[in-house]
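Open the model in your viewer and keep the selection panel at hand.

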Amino acid sequence: MYHLPVLKNRRTLLERAEKFISNVYFTDCNLRGRLYGDSCPLESIAVFQTSKRIPFSEAVQQHFQPYKVGDAFGPTWWTCWFKIVLKMPEAWKGKEVHMRWESDGEGMVWRDQQPVQGLTKEGEKNSYVLSECLKESEAHSITLYVELACNGLFGAGQGSMIAAPDPNRKYTVQKADVVVFNRDVQELLTDFELLVDIVKTLGEEEQRGYQALYTVNEMVNLCDPANPSSFSSARNLAQKFFSQKNGQSQHVVHAMGHCHIDSAWLWPYEETIRKCARSWISAIRLMEKNPEFIFTCSQAQQFQWVKSWYPGLFSQIQHFVKKGQFVPVGGTWVEMDGNLPSGESMIRQFLEGQNFFKEEFGQYCTEFWLPDTFGYSAQLPQIMRGCGISRFLTQKLSWNLVNTFPHNTFFWEGIDGSQVLTHFPPGNSYGMTCKVEDLINTVKNNKDKGRANHSAVLFGFGDGGGGPTQLMLDRLQRVRDSDGLPRVFMSSPDRLFSELQHESSLLCTWSGELFLELHNGTYTTQAKIKLENRLCEVLLHDIEVASCLALCQAAGFSYPAKELQELWRLLLLNQFHDVIPGTCIEMVVEDALEYYKEIQKTGSGLLLSACNALRSSSFLGVGSNTAVFNTLAWERTEVIALTGNGAKKKLALVKAPCMGVAPVTESAEPVSKVTVTVQADGSVEMENGLLRAVLDKMGRLVSLLLVQTNREAISDGCFGNEFVLFDDVPLYWDAWDVMDYHLQTRKPVANVTQFVEVISSGGLRGSVAFSLRISEKSSIMQEVILDANCPYIKFKTEVDWAEAHKFLKVEFPVQVRNPNATYEIQFGHLQRPTHRNTSWDWARFEVWGHKWADLSEHGFGVALLNDCKYGYSIHQNVMTLSLLRSPKAPDANADMGHHQFTYAVMPHTGSYQEASVIQQAYNLNFPLHLIPDVRIIHPWSAFNLSSSAVILKTVKHAEGRKNALVVHLYESHGSSVNVVLSTPLPVQEAWHCDLLERPDHSHPVALNGGDITLSFKPFQIISLLLKLH
Ligand SMILES: [Zn+2]
């Protein structure tokens, strides 16, 4: 039945078929032009606009004005509610009838007081199905509401996607009518489109591509768009092609519906709630029609939002979770940044997330799901393992600018040796559309060919929501097993990983961090968010310690579990992978800072009431003394400021016991007083018996001597504490990226506006201050502080910052040589090279670390500590801390204004472990607290540890249990060690438990009169459940 043989002209045949389905060309006579049949206008359409996001019940009570299609509304971030009355003509009996809706913005259709479907042009959802087959018996007159958000799937960037939003954008509805939808045309179009794509994707090398070419050409011959009875012969031809099967060895694709929704990014948090509803209700409509359709969905916070705002939708979700179609994944509260949150924050991401999933859906997640963040900490495998998760999915490393990551399926090993089975979908996307290209790329890009024969394809519009469409499902359905394409079936994360596990014997192992060679500016951008994150992590830690002590020691104290959970959830939310990295719009920054304020305000109150409660305890009591409270688990002797009777601040050297309280005795004398000497050339020498520092009159550190060994830390002829400014113009992703070439634009900040002058003249504290001008608009003021008994020198810094595309850093060239430097990460540390031998080395020209980084050689080293910074680089012998950036997109005002931060330099003998660098960095971040008006008798300590290698990081109340504490400890040196944890608290029983606090009944802990002996492996985290009397 084939027509006359044609010439061997691939191009004309291919383009002929393309034109036959084009929505631009020849729609007067091609197949695409027949997609819709008769249409009729809406009976009426009326509008009500509001600047607020209000519930449906409130919206429908408003006064609606008549609206004409084409009229403008808005501006950006407003919401337009449309009331639509429509009628399906009797004559359309038996036809599929849609309401066609083409508009800007993101819409939600409401019918009978319920949300029923999302409408977004960018997400290819332009119509709402009124009837699949119009019957006489059904209601022909229908009233609908469309809630239209005045923002696109990707916000409202002015000029480009990531530019700051245009607040004055106007929106319109371009088309709104009732129309007959020709399903048979749609089906045939899908056949055509797939065949055309096979021709194009397989290219001229593959015979299968030519088979598709001649098939599709013959289909054009057979098909008369004006005559639907001709469609079936064309469809049969397509069907015959698609049903030619693969051999047994073909790669297997696990297709999973997905909809990546950034919890806030180019739109505010509040809009995300509606994005979830629009996307998820649409996914549920697809589940109803396609019982095999599976949709994976992460982020407990988003479920929680939908539960509160759309309870009807939430119960539908619960129904489809039970059916196995709506699959919650990930196990975390939000898809957090993978670098910056503290170890404890990461545990809480899982604790809050997993508990939510368990409570609402009856199951814990078994896969960690983080397709879209900017690198992954080497401590994550252990944290995942501790939280019931042994599998991990991401794809972001495909964005590497320099090196291609060598695996798609592999074991990822953390710093402690924990492993998780990891899969990067080789299609390198979490928003595929099930086109031929996605399937072919999945096979072609797979770097584990012959080792792993299964891969994931995550399909559905994402980032701003949207999700899968019926068209994507129709594509998949046709090519389940079609020769030349991978076999593909609808699958779930569990099924994929089970297959991968099954065939894992040949898989490689990647040890250490998954570093993203891109977006390295995110360690620094939006400094205030990073500062607040650090402060709030410290505050919540301190509240938990204080509240646990109060619970054990003060009668009648009730642990503020509910309040703490709310504060933690706010903190965790702001750790979302576009918020803490600073890659969001200004509106999100404002919301985030508001949440931090709330944590600070409520948190300070909770800390105060715990401390007040301690006053009623037997070991404090009410009196007229002041006590010092140390929330860290080692003894500290530090200079602190006392504020007495409104008079000027008074300093005292206080000794605070390990996680406990002690009286403040103002008479404590330092072993060695601090001296401050101004020299003839204007430079100043400060010494505290441990360190001797010399600052030149510009505030630069010309010498830093370790007194005991007479060892100089600063390189000869170089300056420490030198501020340097770089041009910082990335290629595209402004807030995200700092490029390698910025290093060539280094300029020291050398314009002194106030030379060094003495502020504190010695005794307990020596300090000097100076000021620099960065530019006409920006300046630095710094106080350099040396305290008695303190092994580091502090740089308390204030910057007024009004730059554009500049990057401020501070440098310390030190007399140390080592090919590797050490950086603190979550519950441990790792090494990165200080040289640029290979592309993998130099791609890490800007890296992240937490509270400290260290460069040591045998017997001596220098640590650089900070109280809120994350960006570091240590190249050769120069240690650099990144301070402030000034990108202009997506927040045009990012980082403008006043900043305060402190960093410190600590030269040391021996290793950083022996020198207690780790503890000193904690000390800098966790100030001692004063408790006034107490009658203290003796210093009292809640916990003690026999080895400094182990850090007791967290003491908290056990979730959902009465009278039980949970403690998290970790080995911080990278050593195997036995340690005794001692406590006078009334502990009755102790159990090992996982990080979800589930006791391991096979692993009790021997409790010997308050002593617990524990064995640690390098960087191991141990969690204990302590039952109290
Ligand atoms: Zn994202």
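This is a predicted model: local features need pLDDT of at least 70, side-chain atom pairs count only at pLDDT 80 or more; totals for chains, interfaces and linings use all residues.

**Stop 1: a helix pair**

Numbering starts from 1 along each chain as its sequence is written, and side-chain values use heavy atoms, without hydrogens or water.

Select residues 10-20 for α1 and 207-222 for α4. Their axes come within 9 Å and cross at roughly 50°. The crossing is left-handed.

Now show side chains. From α1, pick Arg10, Leu13, Leu14, Arg16, Ala17 and Phe20. They meet Tyr210, Leu213, Tyr214, Val216, Asn217, Val220 and Asn221 in α4. Contact means heavy atoms within 4.5 Å. By class, this contact of α1 with α4 has 9 nonpolar, 2 polar and 2 charged residues.

**Stop 2: the second largest pocket**

Move to Tyr36, Glu124, Phe181, Gln186 and Leu471, which lie nearest the centre of the second largest pocket. Its volume is about 1500 Å³. A pocket here is an open set of points on a 1 Å grid where a 1.4 Å probe fits, with protein on both sides within 12 Å along at least five of seven lines; lining residues have an atom within 4 Å of a point.

The lining has 47 residues. Colour by class: 13 are nonpolar, 14 polar and 20 charged. Finish on α3 (183-202), which gives the most to this lining, with 8 residues.

Key
Axes are lines fitted to C-alpha atoms, for helices over the stretch in contact, and angles run from 0 to 180 degrees between N-to-C directions. Helices (H or I, at least four residues) and strands (E, at least two) are DSSP runs, numbered from the N terminus. A crossing is left-handed if the near helix is turned anticlockwise from the far one by less than a right angle, and right-handed if clockwise. Ala, Val, Leu, Ile, Met, Phe, Trp, Tyr, Cys and Pro count as nonpolar, Asp, Glu, Lys and Arg as charged, and the others, Gly among them, as polar. Grid points are joined across faces, edges and corners, and a volume is the space filled by probe spheres set on the points.
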